[in-house]
Amino acid sequence: MIEHHTHHTGAGALSRPRRVLLATAAVGAALTLAATGCARGEDDVAAGNAAAGDTEGQAQVLDEAASGGETCNAQDHGIEPFDLTDKKVGFSQSEAESNPFRITETQSIKDEAADRGVELITSNAQSDFSQQISDVQDLMSQGAEVLIIAPLNSDGWKPVLDQARAGAIPILTIDRPINGTACEDYVTFIGSDFVEQGRRAADQMIDVLGGEGEVAILLGAPGNNVTTDRTSGFLERIEAEAPGIEIVFQQSGDFTREGGQSVTEQLIQSQPDISGIYAQNDEMGIGAVTALNGAGKAPGDVGIVTVDGTQAAVEYIVDGWIAAVVESNPRFGPLAFEAAAAFGAGEDVGTQLIITDREYDADNAEEELPHAY
Ligand code: GZL
């Protein structure tokens, strides 16, 4: 189902200073401490959150040091330069908007389009990949001339890529990448560093367990890089920093609350004294809390670390159920439209733009709760 959002050109569209999103050389910088293989301490968490700046729906801080890849411009891509405010933009959302990550992500796109006076049409594939392919084809047949896609899976996009290329329709991917060739199949990927999120979750798990114990992983949905990257970053850091921690269970909860709850119910049957649970998103972590509570566990009995940064999960830190949450920032609207506008104006745009993610734990959850979504 395609929704139509038309807005009058706001003054903001003309007065906005345009930052060219050039990929800078990924030299070491404060925000990529963990990338150099060393664990993050509390002051690194505080420094990272401070650098994330004001993130309630405002323009996201680009983690320039983590952003890499080549640059791309309209000429390289074989597309005539354009003024974005003259174009109809199509946005394809992947998962059902029951997850606050998806609700916030879609709202960020809609808000930025309205702010810039850009005509927007949107679709939601309700977590069905074949539906998302036909959604994007429908957006193009409804006249979308620029596409912003939050892909459910990273592979299987060839029919859409071919159709978009034939129609000189630039694609910007947010949230998860589409496997293809930058500046041919898509202009840029804008998202988090999911491997880094896994490393940061491991640092938090090591901290809460004191480096000792048995840990279960609630894996995300299969078939996309978020799950594989959040797993590889976590395992890499645990192996490097905490030989006393053993991973004794890994099962997918499909990134949903119901999935997290049912997998955790199975887990505590087989491992009643599990020390820690790494849930690869907040929704599964919240489901895990429901299961643990139902099994008579108390807050803090199990060290839970999750990824996303939703209000319910950060509130669970305040309540003592969850130990830490690594943010996965969904507010891609400002960066996506800034990249699309710069690309249309013929400017160079980085082909991999990494967004800065906050971190929440017992030391800062109450104070930083307003940044949660
Ligand atoms: C991350 C995004 C993930 C979120 C989950 O960019 O793709 O998918 O972390 C969501 O909440 O299901």
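An oxygen atom of the ligand is 2.5 Å from a side-chain N or O atom of Asp308, a polar contact being a pair of N or O atoms within 3.5 Å. The model is predicted: local features need pLDDT of at least 70 and side-chain atom pairs pLDDT 80 or more, while totals for chains, interfaces and linings use all residues. Side-chain values use heavy atoms, without hydrogens or water, and residues are numbered from 1 along each chain.

**Contacts and cover**
- Glu95 places a polar side-chain atom 2.6 Å from an oxygen atom of the ligand.
- For Arg176, a polar side-chain atom lies 2.7 Å from an oxygen atom of the ligand.
- The protein covers 99% of the 320 Å² of accessible area that the ligand has on its own (Shrake-Rupley method, 1.4 Å probe).

**Residues around the ligand**
- There are 13 residues around the ligand, and Glu95, Asn99, Asp175, Arg176 and Asp308 come nearest (near means a heavy atom within 4 Å).
- Four residues of the shell are nonpolar, three are polar and six are charged, with Asp, Glu, Lys and Arg counted as charged.

**Where the shell comes from**
- Helices α4 (100-116) and α8 (225-241) each supply at least two shell residues (helices are DSSP runs, H or I, of at least four residues).
- Domain 1 (3-31 + 58-192 + 329-357) and domain 2 (194-327) each give at least three residues to the shell, with bounds from an automatic or database domain assignment.

Notes: A polar contact is a pair of N or O atoms within 3.5 Å; within protein, one must be able to donate a hydrogen and the other to accept it, and residues adjacent in sequence count only if both atoms are side-chain atoms.
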